[in-house]
Structure formats: C-alpha cells, structure tokens
Amino acid sequence: MHIPDGFVSTELSVAAFAVSGAVAAVALKKAGKDLGEKQVPLLGVTAAFVFAAQMINFPVLGGTSGHFMGAVLASVMLGPLNAFIVMLLVLSIQCLGFADGGLTALGLNVFNMGVVGGIIGYYMFRGILAVSGKSKNGYAFAVGAASWLSIVLASSVCAFEIALSGTAPLRIVLPSMAGVHALIGVGEAVITVSVVSLVAGVRPDMLHTRIAEAQA
Amino acid sequence: MKKFGFVTIGLLVALAIAIFASPFASSFPDGLEWVAEQTGFLHLSEGYAAWTKSPVPDYEMPGVGNPAAATALAGLIGTLAVFIVGFGLAKLMKSGKSGGSAA
C-alpha cells in the first residue's frame with residue numbers, strides 16, 4: 001500500500017509530513033529508552049527483515065498481490081516508538097533508494113504504516129492481549145489479530161486519504177481497499193505469528209512485549 | 001546461543017530472503033495499484049515522479065542483464081543498507097545523542 005506521487009492532494013501530503021515529522025521527532029528522542037542493551041542490533045535486524053520481506057509479493061485473488069508490512073512485528077519485538085522508527089527507516093530507504101512509494105507521499109506512507117500500523121497496531125495488540133490472556137495461545141492470537149487489523153486499518157486510512165483528495169469516491173475505494181487487504185492481512189498474520197513464536201521460543205528476552213510483561 | 005548469534009542469524013535470514021526469494025515475488029499489481037486500476041485513477045501516478053535519483057529504481061540493479069540477478073543484488077544492497085543505518089540509529093538513540101532530525 002505504498003502510495004505513489006499523484007494519488008493524494010498537496011494539502012493532505014503536506015499535513016501528513018507535518019504529523020509524521022512531529023511523531024518522528026518525539027520517537028527519535030524517546031524510543032531509545034524502550035531499547036534494551038541487547039536490542040540495539042535487533043532494531044537493525046528487524047528493519048532489515050522488514051525490508052527484505054516487503055520485497056516478496058505473494059499472489060492473492062486473481063491478478064492481485066500483497067506483501068508483508070511488518071509494523072506489528074516490529075512493535076511486538078521493539079515497542080511502538082521503535083516500530084515507528086523501523087517503518088520510517090524502511091520507507092525512507094525504499095522511497096529514496098528504490099523508487100518505491102512517492103517522495104511527496106512519504107509523509108502519508110509513514111503515517112499509514114508507522115503511526116497507524118506500528119503505534120496504533122501496538123495498542124491494538126495490548127488491547128487484544130488483555131482479553132485473550134497471556135498464555136502461549138492467547139499471546140499468539142493477539143499477535144495474529146493485531147497484525148491482521150493493522151493491515152485492514154492502514155489500508156482503510158489510505159482509502160480515506162485518496163477519497164479526501166477527490167481522487168476516487170470513498171464508497172468505492174474504501175470497500176475495495178479494505179476487502180483486498182483483509183486477504184493480504186491473513187498473510188501478514190501468518191508471517192508475524194510465525195516469526196514472533198520462533199523468537200519467543202529461542203530468545204524470549206529479545207521481545208519487548210515479553211520484557212514489558214516481566215516487569216509489570 | 002551466543003550474544004550476537006541471534007542477531008547474526010536474523011540478518012542472514014533477512015539477506016537470504018532478499019537474495020533468494022525476491023526473484024520469485026509475484027509481479028501482479030499490489031492491493032493499492034489494483035484498486036487504482038479498477039477504479040480508474042492509476043494513470044495519476046504515471047509519468048510523474050517527485051524523486052528521480054533512486055540508485056536502484058524498482059529493485060533492479062542497473063547494468064545487470066539477468067533480471068533475477070538484478071533483483072537479488074538490489075535486495076542484498078537494500079537489506080544491508082537498512083541494517084547498517086538501523087543499527088547505527090539505534091546506537092545513537094540508546095546513547096541519547098540523537099537530535100530531532102529524521103533518518
């Protein structure tokens with residue numbers, strides 16, 4: 001759901017730069033506190049994994065594809081602000097280095113995938129975890145459900161941005177975006193649950209959400 | 001597992017995905033492109049780019065004839081670049097020396 005140049009109005013693009021820039025300023029100042037000593041290289045690895053996995057488009061429905069986003073994965077591993085940093089970094093390098101996502105739309109893409117996907121995705125995970133319980137299965141369910149929701153929510157916000165810009169009517173673009181991404185979100189959930197379960201099994205001390213629980 | 005074993009393995013997995021799986025990625029339009037095509041606004045993004053200096057446009061290393069190799073090389077370079085910048089940024093944030101500038 002990387003927005004290219006041309007889909008969203010200048011006003012909205014500028015507003016998104018302001019919001020994403022403000023969040024970036026706060027995150028760069030405060031995210032370090034959420035990082036354990038051992039998690040410093042982990043942020044680099046998580047960002048590298050997100051970048052690599054985002055290259056792999058998998059087919060959904062006839063003629064469409066989707067790819068992993070990784071925002072909830074990063075937030076479960078590193079906390080919400082560091083997940084934002086990971087998405088900011090990956091999206092900036094994709095945009096500037098690989099012409100993936102428009103430069104004028106970078107603020108929007110960082111908002112959709114960093115703020116909505118990473119930060120809101122994290123609090124959706126915490127909310128679901130409070131209901132599903134902290135057993136192994138409850139934890140996996142919360143990771144999977146939040147991953148799926150993060151894709152559907154981020155793509156819906158993207159639809160609103162396109163509609164607000166007058167590019168296409170909301171009644172068409174919202175159901176199609178949410179519909180396609182409800183399928184792509186299944187892939188997101190499968191990948192995120194697999195990776196988080198693997199890490200939880202081998203190195204639970206690396207997970208922000210496990211660390212936060214141990215301290216709680 | 002040693003202290004950096006996990007990190008090294010994680011990076012190797014990311015590199016393996018970027019190098020060996022990327023040439024097999026689906027070339028179908030992604031969710032947003034598909035919706036844009038169906039709804040009739042895909043043309044708005046065509047023929048216009050605000051940034052044209054990307055060294056590796058569309059994940060294909062320029063000057064590499066074989067398309068699979070061009071994509072794999074793009075994946076290798078991008079993944080390493082993201083890792084190095086991410087690691088460095090995390091170090092700066094952890095030591096509290098980071099200011100307010102974006103990456």
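This is a predicted model: local features need pLDDT of at least 70, side-chain atom pairs count only at pLDDT 80 or more; totals for chains, interfaces and linings use all residues.
**Conventions.** Residues are numbered from 1 along each chain as written, and chains are lettered from A in the order written. Local features need pLDDT of at least 70 and side-chain atom pairs count only at pLDDT 80 or more, while totals for chains, interfaces and linings use all residues.

**Interface.** I looked up the contact between the chains (C-beta atoms, placed from the backbone, within 7 Å). Chain A puts in 65 residues and chain B 55 residues. On the chain A side, helix 2 (39-54) is among the contributing elements and gives the largest share, 12 residues. Helices here are DSSP runs of H or I, at least four residues, numbered from the N terminus. I noted 44 nonpolar, 18 polar and 3 charged residues on that side. Nonpolar means Ala, Val, Leu, Ile, Met, Phe, Trp, Tyr, Cys and Pro; charged means Asp, Glu, Lys and Arg; the others, Gly among them, are polar.

**Positive phi.** A:Ala99 has a phi of about 55 degrees and is in the loop between helix 4 and helix 5 (106-132) of chain A. A:Ala99 counts as buried because it has 20 C-beta neighbours inside 10 Å; the cut-offs are 20 or more for buried, 12 or fewer for exposed, and partly exposed in between. B:Tyr59 also has a positive phi of about 55 degrees. B:Tyr59 lies in the loop between helix 2 (31-39) and helix 3 of chain B, and is buried with 24 other C-beta atoms within 10 Å.

**After helix 3 of chain B.** I found B:Gly96 following this helix, with a positive phi near 75 degrees.

Conventions. Two residues are in contact if their C-beta atoms, placed from the backbone, lie within 7 Å. Helices (H or I, at least four residues) and strands (E, at least two) are DSSP runs, numbered from the N terminus.
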